[in-house]
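Please look over the sequence and the fold shown here before reading on. The report that follows moves from the chain as a whole to a few selected places in it.

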Amino acid sequence: MELKRSNIICKRVLLTGFTLCVILATKPSSAIDIYADAEVMMQNGTTGILRCTFKSVEVVSSQTSVTWNFQSSQPDSPFSKVPYTIFYLSNGKAFPGHDLFKDRVQFVGDINKRDVSIQLSPAQFGDNGTFFCDVKNPPDVTGTPARTELRVVLKESLPPSNIFLIVGAVCGALLVLVLIAVAACVVMRVHHSRHDYEGCTSLESVSSQAPQPRKKAESGLEGSRGTSPTGPLQGPVIYAQLDHSGSKNSFHKIEPVVYADIRKN
């Protein structure tokens with residue numbers, strides 16, 4: 001009885017272990033997302049950077065590897081048929097690829113920050129083509145390599161730099177502000193001058209009208225002078241008794257006598 005129970009337990013343990021092995025073996029690997037610029041333009045003979053980043057749910061470790069491949073767009077190039085490895089990074093060590101890129105490719109990214117960009121110096125017309133960036137971060141090993149189309153051109157063919165556009169826009173904005181400030185100052189000055197002119201005119205009109213009452217007074221005075229008599233003014237009349245007979249019993253007659261003529265100065 002005990003032997004049968006032990007056999008049953010062993011079978012169950014074996015079945016459980018086999019099931020776990022099957023699950024672990026058939027578990028799909030995690031995917032990794034890789035990003036790069038779709039197109040990059042470089043001037044011939046200058047230094048340029050091919051940027052590439054990735055996203056992974058796993059922690060970056062020494063097993064993380066980076067591979068850069070190149071396929072030329074020129075039919076007569078040896079790299080036109082299939083992509084060639086031009087850079088490889090594994091266990092923190094960089095390994096150069098083909099001799100044509102050996103001394104011109106340098107790793108400038110930071111794998112701990114999930115940046116695996118490379119620098120190409122100097123760029124040549126033979127570098128026109130497609131660059132492939134591939135990253136493996138076990139167990140994130142499934143992912144589509146990112147593609148970057150590189151165009152190496154002359155300086156005259158390069159589009160205007162964004163820096164010059166930004167500087168031009170800022171200078172234009174400052175010029176507009178200066179013009180607005182100058183226009184505002186001119187308008188304020190004209191308005192202030194007009195206000196002062198109107199104030200002076202009002203004062204002058206008041207000062208010119210102020211003497212008018214005085215003129216009226218003078219005219220009244222002159223009128224009064226004109227109506228006054230210009231001839232001699234008669235003074236007060238004094239009454240006196242005149243004795244024409246010289247006798248005591250003579251009749252005393254009172255007659256008015258003008259004492260003096262008084263003129264008004």
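## Overall picture

Among contacts in the protein between residues at least 6 apart in sequence, 57% join residues at least 24 apart, where contact means heavy atoms within 4.5 Å. The model is a predicted one, in which local features need pLDDT of at least 70 and side-chain atom pairs count only at pLDDT 80 or more, while totals for chains, interfaces and linings use all residues. Residues are numbered from 1 along each chain as its sequence is written, and side-chain values use heavy atoms, with hydrogens and water left out.

The protein has 17 strands and 4 helices; both kinds of element are DSSP runs numbered from the N terminus, helices being H or I with at least four residues and strands being E with at least two. Of its 265 residues, 20% count as buried, a term that stands for under 20% relative accessible area, with exposed meaning over 50% and partly exposed lying in between (1.4 Å probe, protein chains only).

Cys-52 lies in strand β5 and Cys-133 in strand β11, so the pair ties together parts that are 81 residues apart in sequence. The link is left-handed, with -90° about the S-S bond, and both Cys-52 and Cys-133 are buried.

Strand β11, which covers residues 129–136, also holds Asp-134. Leaving aside residues up to four places away in sequence, Asp-134 touches Ile-34, Ser-65, Val-66, Thr-67, Gly-143 and Pro-145.

| Residue | Relative accessibility | Class |
|---|---|---|
| Asp-134 | 18% | buried |
| Cys-171 | 46% | partly exposed |

## A sheet of 3 strands

Strands β4, β10 and β9 form an open sheet in the order β4-β10-β9, with antiparallel pairing; two strands pair if DSSP finds at least two bridges between them. The edge strands, each pairing on one side only, are β4 (48–50) and β9 (105–107). Between β4 and strand β10 (residues 118–120) there are 3 bridges, and Ile-49 has Gln-119 in β10 as its bridge partner.

Key: A disulfide is a pair of cysteine sulfur atoms within 2.5 Å.
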